[in-house]
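Please prepare a briefing on the inside of this protein model, written for someone who is new to reading structures.

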Amino acid sequence: MVTLAEVAQHAGVSASTVSYVLSGKRSISATTRLRVEQSIRELGYHPNAGARALASSRSNIIALMVPLRTDMYVPVMMEIAIAVATTARTHGYDVLLLTGEEGPDAVRRVTGSGLADAMILMDVQLDDERLPLLRDSGQPSVLIGLPADTAGLTCVDLDWSATGALCVEHLAKLGHHDVAVIGEAPAVYERHTGFAERTLDGLRARARELGLRVLHRPCEGGYDAMAVTLARILDERPGTTGFVVQNESAVEPLLALLRQQGRAVPEDVSVVAICPDQVAVQASVRLTSVGIPAPDMGRHAVERLIATLEGRAAGEVVLLAPELTVRASSGPAPAAS
């Protein structure tokens with residue numbers, strides 16, 4: 001392993017000069033800095049993480065809280081996490097992944113120990129119990145998600161309210177009047193998870209403006225749960241011709257059940273999904289969908305966090321605009337065709 005002394009000898013400077021170049025604690029001439037940086041590259045020197053942290057009072061680590069719940073679609077969560085990790089590396093940071101459901105205890109452990117310079121929180125609830133501790137600690141942080149009160153917080157998310165509105169607007173333009181929303185598992189709404197609540201709020205508000213009737217039913221996902229949910233929907237609203245699905249594990253069971261009942265998609269019923277593009281294009285009927293920009297969410301979160309650490313920004317909300325892609329699962333309502 002290359003040592004700091006060897007870098008100093010190669011660059012023809014003192015070891016303290018190399019240390020100052022690495023820490024930025026003293027002004028070094030541009031010529032000397034370039035010579036030291038060239039020696040570092042040529043020799044492949046990597047500063048010891050512990051020594052670097054002591055010298056700079058920074059760990060160069062970002063803590064990422066990703067509660068991996070069974071009622072959440074884990075591939076999206078991990079896609080965001082990968083984007084966070086890869087973007088963090090471009091800025092010289094490593095990522096500490098916290099996957100337990102410890103809530104405030106995990107925030108307390110990170111902020112009280114100096115394990116990380118900053119935090120990114122996922123799976124944000126409207127009244128998230130982690131936020132009072134985060135606010136009190138003063139720890140630089142970014143939320144991927146929106147709580148009810150965003151004051152003083154930096155947040156990045158898809159605009160879920162606009163997403164819900166976009167789905168119902170599409171069905172309204174096709175002449176559908178009765179729309180059923182097949183949502184996430186009941187526990188997601190019981191926790192008041194932000195993305196699910198905001199999607200539903202945006203969809204309902206736009207449906208009222210357009211004069212559409214909306215029936216929302218949470219669903220655990222899977223064939224059996226979807227069969228029960230669909231039976232309830234059609235019993236309560238037999239005239240339903242439009243479905244909005246915000247539950248990846250319910251997509252294929254819904255399409256299979258509709259086929260079994262002789263309801264053709266999109267001739268008899270239309271289906272719009274809120275899901276990753278991969279889920280939409282690999283379904284048995286290519287789904288009209290609003291995609292989830294997971295990589296963009298992770299990248300924006302890190303960039304906002306770096307800006308906060310460098311004192312360039314804080315306390316802002318970044319909402320990514322939703323995009324709806326029309327595919328084979330949506331068409332004119334039967335009465336309008």
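A residue is called buried when its relative accessible area is under 20%, exposed when that area is over 50%, and partly exposed in between, as found with a 1.4 Å probe and the protein chains only. The model is predicted, so local features need pLDDT of at least 70 and side-chain atom pairs count only at pLDDT 80 or more, while totals for chains, interfaces and linings use all residues. Residues are numbered from 1 along each chain as its sequence is written, and side-chain values use heavy atoms, with hydrogens and water left out. Helices (H or I, at least four residues) and strands (E, at least two) are DSSP runs, numbered from the N terminus.

- In helix H12 (residues 248–260), the buried residues are Glu-248, Ala-250, Val-251, Pro-253, Leu-254, Leu-255, Ala-256, Leu-257 and Leu-258.
- Contact means heavy atoms within 4.5 Å, and the elements that cover the buried residues of H12 include H5, strand E6 (178–183), helix H11 (223–236), strand E8 (242–245), strand E9 (270–274) and helix H13 (277–282).
- After H12 comes Gly-262, which has a positive phi, near 75 degrees.

**Nonpolar cores**

- A nonpolar core is a set of buried Ala, Val, Leu, Ile, Met, Phe, Trp, Tyr and Cys residues joined through side-chain atoms within 4.5 Å.
- The largest nonpolar core holds 45 residues, and those with the most contacts inside it are Leu-64, Ile-80, Val-84, Ile-120, Met-122, Ile-144 and Val-244. Helix H14 (residues 294–309) gives the most to this core, namely seven residues.
- Apart from this core lies another one, of 26 residues, and Val-251, Leu-254, Ala-280 and Leu-287 are among them.
- When residues up to four places away in sequence are not counted, Leu-64 touches Ala-81, Val-84, Val-95, Leu-96, Leu-97, Leu-98, Ile-120 and Met-122.
- As a general background, nonpolar side chains tend to be buried together in soluble globular proteins.

**Strands and their pairing**

- Two strands pair if DSSP finds at least two bridges between them.
- Strand E1 (residues 61–65) is mostly covered, with four of its five residues buried. Five bridges join E1 to strand E2 (residues 94–98), and these two strands run parallel, with Ile-62 standing opposite Val-95 in E2.
- Ser-141 lies in strand E4 (residues 141–144), and Ser-141 counts as buried because its relative accessibility is 13%. Not counting residues up to four places away in sequence, Ser-141 touches Met-119, Leu-134, Thr-154 and Leu-305.
- Strand E5 (residues 155–158) points Cys-155 and Asp-157 one way and Val-156 and Leu-158 the other way, and all are buried.
- E4 and E5 run parallel and are joined by two bridges, and Ile-144 stands opposite Val-156 in E5.
- E5 is also joined to strand E11 (residues 317–320) by four bridges, again in parallel, and here Val-156 stands opposite Val-318 in E11.

**Enclosed spaces**

- On a 1 Å grid over the protein atoms alone, a cavity is a set of points where a 1.4 Å probe fits but cannot get out, and its lining residues have an atom within 4 Å of a point. Grid points are joined across faces, edges and corners, and a volume is the space filled by probe spheres set on the points.
- A search of the whole structure finds two cavities of 30 Å³ or more, and the largest cavity contains about 320 Å³ of space. This largest cavity is lined by 21 residues, of which Met-72, Val-76, Met-77, Trp-160 and Phe-195 are the closest to its centre.
- Helix H5 (74–90) and helix H10 (194–210) each supply at least two residues of that lining, and H5 gives the most, with three residues.
- The second largest cavity has a volume of about 40 Å³, and the largest share of its lining, four residues, comes from H10. Residues that line this cavity include Val-181, Tyr-189, His-216, Val-244 and Ile-274.

Notes: On a 1 Å grid over the protein atoms alone, a cavity is a set of points where a 1.4 Å probe fits but cannot get out, and a pocket is an open set with protein on both sides within 12 Å along at least five of seven lines; lining residues have an atom within 4 Å of a point.
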